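Keep the sequence and the model open while reading.

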Amino acid sequence: MINALRSDAFRQWKRLMPKVLLGILLGSVVLFYLLLWATVQTAGGQTDATGVEDLRASLRVENVIPFSAGLIAQFGTILAIIMAGSSTGGEYGSGTVRTMVVRTRARWHFVAAKLVNGVLFAFLLVLLGMLAGLAVSAAISSSLDGNYDAVLRAGFAGDLVAAVVRTTWVMVPYVAAAVFLGVWGRSSAVAIGLPLGIFVVELIASSVLQAVGGVFEDVTKAFPSVNLSAVLAANGQIQGSSTSQPSDDLPSAWQGAAVLGAYALAAVVLVFYLFQRRDITAEG
Amino acid sequence: MSAQGRLAAAEAAGAATPVLRLRGLTKQFGAITAVRGLDLDLYPGEVFGFLGPNGAGKSTTIGMILGLIRPTAGTVEAFGLDLSRHRWEVLRRVGAVVETPAFYGHLSGRDNLRAIALAVGGVPERRIDELLELVGLADRARDKFKTYSLGMKQRLGIASTLLADPQLVLLDEPTNGLDPAGQREVRELIPRLAAEGRTVLLASHLLYEVQQVCQRVAILQRGELVAAGRVEELLRQGRRLEVEVRPEELDRAQEILSRLPGVESVERRDGRLLLGAAPELGRTVNLALAREGIFANQLRLVENTLEEYFLQLTGEEGNGDQRPAQ
């Protein structure tokens, strides 16, 4: 298994794509912070003072964990889908799936390597994105009053690690779906397009159903996006954070994590089953 | 000992375990039977030709040998091990290029080999350099695969098959896209692989190439084995007597010879008569014609080329034998 992982990591890291995707995420985090900061600075007292103050508070270093995590979960999930989907579907497009599968100790090692490396890439996106958010928010706090008490406290590093793990966890079902759909559709387009479509459409659908209320609202509790929000809401429950409390309508963080885990598990089971059983021919 | 000698010794001993044994190998894709009940044995150190027109089932068979395609029925046994139960024990001793070599366009030739070496494990770095040197790609090793010509891709494919020092090498159209010099290099490389004790399965439609390097061949048509055996034995089956007489005597000679016992067929070709008859019948043929006052200008034994034998069996036309003019 280690051999398959090393080989896959070597092949993927030699591509331009992971570096570009990391660059996009880091650039987006920094840009987003700076744009909001510029908005706060220029808005001054002209608009709703409470809104501006809330925004200013979100940009401060004590709120870096919930704020950056929310941002990264949205951008990062899209980028993680693109990476995992292109990595898996691309093997079919180029025919290299045949070349590599005969060189792996067990057939399933090939997809296992795709899944593990897909999750590791998501973890890297989240970790580096959080560190970038930390750096920018620290700079913003410095320009305000130089108060870093929130991050200098004992336990901040633990909260940061927990947030990185939570934020990575919410991406796992989407990464697993991208790998599964890459194998199922034997193409990058399917592997990237379908999970992205689900990600976007499901966000809209859950908003609509929640607005309708009643039994429709209850149905959304099974939606990945709602459970994603439930898990990410836990990032705001840390000492020093001034973000708003999570909605009572959301499932608990543990319930959310379990539902997302179930989705990921389903995708993993499907991809292993399909890959083990299906022939790999010249057409894929 | 030559490859021919090793093969003969292995067969004579009767105890040699085939390197590869296919029994009743069958693959159905829906209603289409791509391979039907295929039985084959490959012995250590032999170069085995695997022939068939396009769509005959060669690549499907190789796919099943590599565990890429699950057989509908039958077994693949290599090195005495059942592939379905000992996949890695078998595959780590097999090197293969299936159809067009598929590598990563964004990686250099060297990095493509390194990626495979990492997956296999335990391949020393110097082995990559040796193989790049062997296939003549050392100078282009750092260039991206996507910039390679088809011939260079084929060379890299051959290098990749040898990375893990395999005992069984499966080559599917290895000279496809190579220039004549490159084809010759590959033809020279294959016997060298066999001389090192490897068994080579060469799937090709270049029958001249197969005839030159293979000791035994199997011919597949529509998924079924239609012939298998030593090349010289198969060619011997197609031996015919060619009789040349004066043009005005051709009709009468044909009539006489078609009545002669032992002559199965008489066919006219380019002003000559081709007899489906045992080579030993030459004297009788000569005598029969002489009794009727016809004296043959020439009477000689004609041996099929592998291409002619292949075409007779498969009924395929224009299958691209690139035998040079002789």
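Start with one residue pair: B:Glu77 sits opposite B:Asp82, a residue of strand 5 of chain B. The model is a predicted one. Strand 5 of chain B pairs with strand 4 (residues 73–78) of chain B. The sense is antiparallel, and the pairing runs over 2 bridges.

**The open sheet of chain B**

These strands belong to an open sheet of 4 strands in chain B. The order is 2-1-4-5, with antiparallel pairing. Strand 2 (32–42) and strand 5 (81–82) of chain B are the edges, each pairing on one side only. Helix 2 (residues 58–65) of chain B lies across strand 1 (20–29), strand 2 and strand 4 of chain B. Helix 2 of chain B runs at about 115° to strand 1 of chain B.

In the second, B:Leu241 faces B:Leu275 of strand 13 of chain B.

| Strand pair | Sense | Bridges |
|---|---|---|
| Strand 4 and strand 5 of chain B | antiparallel | 2 bridges |

**Chain B as a whole**

Chain B holds 12 helices and 14 strands. Its C-alpha atoms fill a box of roughly 75 × 45 × 40 Å along the principal axes. Of the 326 residues in chain B, 44% are buried. Take the contacts in chain B between residues at least 6 apart in sequence: 70% of them join residues at least 24 apart.

**Helix 4 of chain B**

Helix 4 (residues 109–120) of chain B has 12 residues. From first C-alpha to last it reaches 17 Å, close to the expected 16 Å. How many of its 12 residues are buried? The count is 11, so helix 4 of chain B is mostly covered, given that a residue is buried if 20 or more other C-beta atoms lie within 10 Å of its own. Among the buried residues are the charged-class names B:Arg110, B:Asp111 and B:Arg114. B:Leu113, B:Ile116 and B:Leu118 are also included.

What do these buried residues pack against? In chain B, the partners are helix 5 (125–134) and helix 6 (150–161). In chain A, they are helix 1 and helix 5. Just after helix 4 of chain B, B:Gly121 takes a positive phi of about 85°.

**Where the chains meet**

Across the interface, 24 residues of chain A contact 26 residues of chain B. On the chain A side, helix 1 (2–13) and helix 5 (96–101) of chain A are the elements that give two or more residues. Helix 1 of chain A gives the most, with 6 residues. By class, this side of chain A has 8 nonpolar, 8 polar and 8 charged residues.

**Confidence in chain A**

Chain A averages a pLDDT of 85, and 91% of the residues score at least 70. Confidence in chain A is highest in helix 12 (residues 253–277) of chain A, at a mean of 92. Confidence is lowest in helix 7 (residues 149–152) of chain A, at 67. Where pLDDT is low, the predicted coordinates should not be read in detail.

How values were computed:
Residues are numbered from 1 along each chain as its sequence is written. Chains are lettered from A and ligands numbered from 1 in the order in which they are written. This is a predicted model: local features need pLDDT of at least 70, side-chain atom pairs count only at pLDDT 80 or more; totals for chains, interfaces and linings use all residues. Two residues are in contact if their C-beta atoms, placed from the backbone, lie within 7 Å. Two strands pair if DSSP finds at least two bridges between them. Axes are lines fitted to C-alpha atoms, for helices over the stretch in contact, and angles run from 0 to 180 degrees between N-to-C directions. pLDDT is the predictor's confidence in each residue, from 0 to 100. The expected span of a helix is 1.5 Å times one less than its number of residues.
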